[in-house]
Amino acid sequence: MENPSNMSSGRLNRVGGGGIGMEDSMLAMLDASEAHDAFDDRIAFLDAVRASSIIQKHRKLPTGKIFRAIFRMLRTGKSLEVIMASYKLLLDLEKHFPRVYSTGNDNSKSSANSPSKLVVAEEAWSPLLVFQDNANSVGEESKKQPDQPLEPSSFHHLIEELAELSSETEFQASNMKALQNMLLFQYLVVVLEGDFLPRNATMNWNMQRESMLNILLGSRKINYKSMMQDCLIVFCQLSQLQNELSNHLEIQKSTESQLSKHFHTALSFALHEVVKNTCVSMDKFFVMIMDLDISRKKADLEGHTTRADGLRKPLMDILLDQLAYSIDTVPVFLKVEREYCLSAPLTLFANNCLYRIVPFLLKHFLLTFSEPKWKLEIVVQYLWKYMTKPSARTRKSNGSSEDATFEVALKCFSNKTGTKSITKKIGPDVMQFLLAFGFQAQLSILSEGNAEGGVSALADLCQMFISAFESLRSTNESMEIFSIGKEALFTAATIISMKS
């Protein structure tokens with residue numbers, strides 16, 4: 001990353017009017033390309049911006065007009081090369097000209113003797129318009145003009161479009177609009193992340209509450225819970241779509257004519273990669289929101305929040321409710337089964353359909369979700385909903401979720417009575433996924449040295465996991481052990497043999 005002081009200087013020089021002639025030349029180049037729909041002129045425009053803002057020694061932040069032109073290319077470009085080049089340029093500009101940064105990132109001697117300070121580039125152009133005083137004035141315009149920043153309702157609409165896209169029964173690999181929407185979402189997450197992470201690092205609620213992420217989620221122009229549910233749909237179904245696109249590429253290689261093969265194969269490869277990276281971006285989006293929820297909870301306990309901060313249901317609770325109870329996020333090829341479940345008698349639904357559908361959702365969510373800490377928390381809180389809580393308890397603890405750990409959950413499988421009780425509520429297949437993914441997440445945390453006990457804690461975890469799985473299998477003899485369960489058992493047994 002660039003020296004923050006140099007970045008700030010570049011911004012001030014640009015705002016002050018330096019390089020106006022060059023800007024006019026670049027915009028004229030773009031105007032000419034739009035008049036004749038010239039591909040080469042658009043690429044030349046993007047190359048010129050990259051040269052003046054990134055490659056040259058004395059870099060200058062592009063003006064809002066230049067940013068809007070690049071942003072419009074990303075959203076409306078007709079060529080795969082133009083779309084990808086504009087997307088890459090926007091990401092590189094974010095990297096070289098951060099909107100929020102700490103002076104502690106400057107390794108100069110002057111900063112070493114002074115406390116770090118958070119610097120916010122208020123004048124920087126942003127693809128998101130979340131602040132109330134600005135959103136009202138240009139909100140409607142942003143819906144019609146592709147070069148205008150997105151307001152909160154437009155961001156929510158983008159998520160809805162992604163959800164509709166991922167649930168289409170016949171997804172077209174040549175769908176350029178789908179690719180543009182996913183790239184747009186990825187770019188917006190990068191912008192939110194660049195604004196939120198430095199603020200969150202301060203552990204100061206006054207800075208955290210002013211983040212674009214917090215203001216976006218608290219906007220009255222969106223239905224927060226509905227948007228998070230749509231995000232879950234996108235996350236789970238794009239994970240499945242990624243596998244389908246892999247198969248699509250193999251078929252395409254063997255069936256396409258030589259004439260059309262080059263273009264469509266390139267687009268299919270790009271789309272496959274974009275789908276994968278969109279899942280990664282959604283992962284980051286979830287993690288940022290959950291980190292924000294934790295910061296908000298801490299600030300609330302310390303008395304730093306006000307009525308202006310509003311109330312918002314923690315994302316963790318929304319995810320748990322959706323994963324545990326909802327069948328609206330069923331993927332395309334289970335739609336028929338979903339309709340059958342909805343029309344079946346309640347007892348049949350509870351005993352049959354729920355057990356067949358929920359494991360799919362949990363599997364794809366937990367397979368795709370990467371952060372071990374939050375993955376483990378989701379597993380533990382899911383189990384905590386149905387567990388018979390340990391009888392030994394103080395008046396202070398009162399069985400709250402604060403007492404929940406994966407080790408406590410494993411102890412519930414120490415006897416057949418406890419095992420039968422919890423599997424009756426959830427089902428053996430769901431339990432198998434939860435135990436396996438929870439073990440993997442806990443193992444990852446212990447392996448990184450983020451927990452007490454070291455080697456002995458690792459061995460104890462493996463032994464408790466194997467015992468819990470054996471109890472689950474003995475109680476449900478007809479249960480099929482899935483590959484994720486086999487892998488977890490093999491890993492646990494290997495670690496125990498190495499430690500003995």
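Modeller: This is a predicted model. Let us start with a pair of helices: the axes of helix α17 (residues 372–386) and helix α19 (residues 416–426) cross at roughly 100° and come within 9 Å.

Colleague: What makes α17 and α19 roughly perpendicular to each other?

Modeller: Angles from 65 to 115 degrees count as roughly perpendicular. The crossing angle here is roughly 100°, so α17 and α19 are roughly perpendicular to each other.

Colleague: Which residues make that contact?

Modeller: Tyr-382, Leu-383 and Tyr-386 come from α17, while Ile-422, Lys-425 and Ile-426 come from α19. By class, five of the residues in the contact of α17 with α19 are nonpolar, none is polar and one is charged.

Colleague: Why is α3 called roughly parallel to α5?

Modeller: Helix α3 (residues 39–55) packs on helix α5 (residues 80–96) at an angle of about 10°, and their axes are 10 Å apart. The limit for roughly parallel is under 35 degrees, so α3 is roughly parallel to α5. On the α3 side the contact includes Phe-39, Arg-42 and Leu-46, and on the α5 side Ala-85, Ser-86 and Leu-89 are among the residues. The contact of α3 with α5 has nine nonpolar, three polar and five charged residues.

Colleague: How do you know whether Ser-86 is buried or exposed?

Modeller: Buried means under 20% relative accessible area. Ser-86 has 0% relative accessibility and therefore counts as buried. Ser-86 is in helix α5, and its side chain reaches the backbone oxygen of Ile-83 at 2.8 Å. Leaving aside residues up to four places away in sequence, Ser-86 touches Leu-46, Ile-70, Met-73 and Leu-74.

Colleague: What about Asn-476: where is it found?

Modeller: Asn-476 lies in the loop between α21 (454–475) and α22 (483–499). Its relative accessibility is 17%, so Asn-476 counts as buried; the cut-off is under 20%. The side chain of Asn-476 reaches the backbone oxygen of Leu-472 at 3.1 Å. Not counting residues up to four places away in sequence, Asn-476 touches Thr-423 and Pro-428.

Colleague: Why is Met-203 called exposed?

Modeller: Exposed means over 50% relative accessible area. Met-203 has 67%, and therefore it is exposed. Met-203 sits in the loop between α9 (176–201) and α10 (205–208).

Colleague: What is the phi of Met-203?

Modeller: Phi of Met-203 is near 55°, a positive value in a residue other than glycine. Most residues other than glycine have a negative phi.

Colleague: How many disulfides does the structure hold?

Modeller: The structure holds zero disulfides. Take Cys-236: the nearest cysteine sulfur, that of Cys-279, is 9.1 Å away. A disulfide needs two cysteine sulfur atoms within 2.5 Å, and Cys-236 is in no disulfide.

Colleague: What makes Cys-236 count as buried?

Modeller: Its relative accessibility is 2%, so Cys-236 counts as buried. Cys-231 is buried too, with a relative accessible area of 0%.

Colleague: And for the chain as a whole, how many helices and strands are there?

Modeller: The chain has 22 helices and two strands. Of its 500 residues, 51% are buried. Among contacts in the chain with a separation of 6 or more, 72% are between residues 24 or more positions apart.

How values were computed. Residues are numbered from 1 along each chain as its sequence is written. This is a predicted model: local features need pLDDT of at least 70, side-chain atom pairs count only at pLDDT 80 or more; totals for chains, interfaces and linings use all residues. Side-chain values use heavy atoms; hydrogens and water are left out. Buried means under 20% relative accessible area, exposed over 50%, partly exposed in between (1.4 Å probe, protein chains only). Helices (H or I, at least four residues) and strands (E, at least two) are DSSP runs, numbered from the N terminus. A polar contact is a pair of N or O atoms within 3.5 Å; within protein, one must be able to donate a hydrogen and the other to accept it, and residues adjacent in sequence count only if both atoms are side-chain atoms. Contact means heavy atoms within 4.5 Å. Axes are lines fitted to C-alpha atoms, for helices over the stretch in contact, and angles run from 0 to 180 degrees between N-to-C directions. Angles under 35 degrees count as roughly parallel, over 145 as roughly antiparallel, 65 to 115 as roughly perpendicular and the rest as oblique. Ala, Val, Leu, Ile, Met, Phe, Trp, Tyr, Cys and Pro count as nonpolar, Asp, Glu, Lys and Arg as charged, and the others, Gly among them, as polar.
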